[in-house]
Amino acid sequence: MKRRLSLGLALTVVSVMASALAFAQGDAQWALEKSTLTYHMSHPVHKVDGVSAAAKGKGICHGGECNFLIAAPVKSFDSGDTNRDLHMVEAVRGAQYPMVVVRAKFPAADTASPTVYADLEVQFAGQTAHYAHVAFQRTTEAGETHITGTIQATCSDFKIDRPSFLTVPIKNEIPISVDMTWKPM
Amino acid sequence: MAQSALVREARNSSLAMAGVDASKAQLPDAPVPVGSDEQQQQQPPQQQTNPPQQNEPTLGDLGISASQTQGSARQQALLDKRTHMLKVHQTLGLITAIPMAAALITGPQAKAKGRNGETITEPSQANLDFHIALGGLTTGMYAATAYYAAFAPKVPGVKKKGAIRVHEALIWVHGPGMVLTPVLGIIAYKQENAGERVHGIASAHGAVAEITAAAYGASLIAVSWPIHLKF
């Protein structure tokens with residue numbers, strides 16, 4: 001009886017540890033459960049946040065390396081003003097290149113820590129930019145892995161002609177805040 | 001530029017028909033990005049034509065079809081034209097505010113009261129002529145401003161929200177005001193020219209002009225709202 005209890009306890013501990021480490025190390029596949037991607041735009045008389053909750057994503061960890069893919073329609077970003085949103089889509093050539101696609105790569109072994117450092121490839125506005133060693137905060141709760149972070153993107157990274165208001169262009173920096181919840185498939 | 005976009009689109013279509021991942025195929029040559037944050041240095045760009053490896057998810061895995069990633073050069077041209085026309089609308093609108101304000105300032109001086117309060121019967125007085133010229137210029141520029149907004153291409157399926165709704169609603173105040181103000185001004189001018197004191201509907205010329213200018217100013221502010229001054 002005592003031996004059975006010990007065995008049960010050990011199995012429980014192992015399964016809990018396994019699920020906790022699954023995101024970090026094991027061969028696994030992940031699906032994006034929910035997300036918000038937010039771009040921040042600054043101008044001397046304006047500050048605008050455009051939010052998209054329409055991103056889709058999948059991650060594959062295999063052979064010690066994790067590859068994640070996240071994609072969202074450019075027109076899904078909502079700043080609360082349709083006129084501004086249409087201008088944004090025009091400025092980033094969103095009708096010609098309707099998706100923003102992010103590929104993230106990071107070693108599975110490095111992801112046991114609460115901070116994940118990923119190399120990103122961002123396809124946006126018909127251009128591709130790479131961001132190395134971008135830090136994302138990781139927390140795991142109830143089988144879901146929560147990832148937050150900021151990509152320090154700029155308009156010039158994607159050859160975007162900065163829109164102007166009252167003849168003053170917006171700031172070159174357009175940081176993208178990422179807030180994602182992943183679940184194992 | 002447009003030709004290269006069409007060539008790119010045609011290439012994407014043929015690749016899609018051949019079963020190539022359009023999300024990658026439609027991407028043009030990658031740029032050399034400008035350096036940014038120390039922590040997030042960008043590497044030299046790569047061509048995006050390599051097929052994904054076995055352990056890399058694809059857009060197809062996300063349920064995103066090739067047609068969803070396919071862009072439309074025609075739609076982009078429509079947006080470009082829309083933005084161009086609205087930029088002209090914005091510039092003309094701001095410039096129009098200058099003669100409008102000047103006409104408001106010169107309006108009370110153009111009432112042409114004589115030394116003893118009697119009506120002046122000579123419309124050749126300089127300030128009256130100047131006021132009329134400013135009013136005419138304002139009306140003409142307003143019409144040009146309105147043209148660029150009214151004839152900017154519309155994007156189908158877009159339900160308007162935000163400050164643009166207030167901006168557009170105010171047209172119903174300053175639009176009729178911009179028609180009525182010069183008409184009343186002409187009537188007032190004719191009455192003064194005939195040696196009469198301005199009377200009847202013409203006496204509302206000043207008040208209508210002020211309401212029109214107030215609505216126009218509110219419209220300018222509305223489309224810029226919310227304003228966060230930070231230099």
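What pattern does chain A follow when read along the sequence? In this predicted model, chain A follows the order α-β-β-β-β-α-β-β-β-β-β-β-β, with two helices and eleven strands in total. Of the 185 residues in chain A, 40% are buried, and among the contacts of this chain with a separation of 6 or more, 58% are accounted for by residues 24 or more positions apart.

In chain B, helix α4 runs over residues 73–106 and comprises 34 residues, and its reach of 50 Å from the first C-alpha to the last is close to the 50 Å expected at 1.5 Å a residue. The buried residues in α4(B) are B:Gln76, B:Leu79, B:Gln90, B:Gly93, B:Thr96, B:Met100 and B:Ala103.

The packing of two further helices of chain B was also examined. Two packed helices are described by the angle between their axes and the distance between the axes. For α7 (residues 171–193) and α8 (residues 205–224) of chain B, the angle is about 155° and the axes lie 8 Å apart; as angles over 145 degrees count as roughly antiparallel, α7(B) and α8(B) are therefore roughly antiparallel to each other. The crossing in which α7(B) passes α8(B) is left-handed. On the α7(B) side, the contact involves B:Val173, B:His174, B:Gly177, B:Met178, B:Leu180, B:Thr181, B:Leu184, B:Gly185 and B:Ala188, which meet B:His205, B:Val208, B:Ala209, B:Ile211, B:Thr212, B:Ala215, B:Tyr216 and B:Ser219 in α8(B). By residue class, this contact of α7(B) with α8(B) divides into ten nonpolar and seven polar residues, with no charged residue.

Technical notes:
Residues are numbered from 1 along each chain as its sequence is written. Chains are lettered from A and ligands numbered from 1 in the order in which they are written. This is a predicted model: local features need pLDDT of at least 70, side-chain atom pairs count only at pLDDT 80 or more; totals for chains, interfaces and linings use all residues. Helices (H or I, at least four residues) and strands (E, at least two) are DSSP runs, numbered from the N terminus. A residue is buried if 20 or more other C-beta atoms lie within 10 Å of its own, exposed if 12 or fewer, and partly exposed in between; C-beta atoms are placed from the backbone. Two residues are in contact if their C-beta atoms, placed from the backbone, lie within 7 Å. The expected span of a helix is 1.5 Å times one less than its number of residues. Axes are lines fitted to C-alpha atoms, for helices over the stretch in contact, and angles run from 0 to 180 degrees between N-to-C directions. Angles under 35 degrees count as roughly parallel, over 145 as roughly antiparallel, 65 to 115 as roughly perpendicular and the rest as oblique. A crossing is left-handed if the near helix is turned anticlockwise from the far one by less than a right angle, and right-handed if clockwise. Ala, Val, Leu, Ile, Met, Phe, Trp, Tyr, Cys and Pro count as nonpolar, Asp, Glu, Lys and Arg as charged, and the others, Gly among them, as polar.
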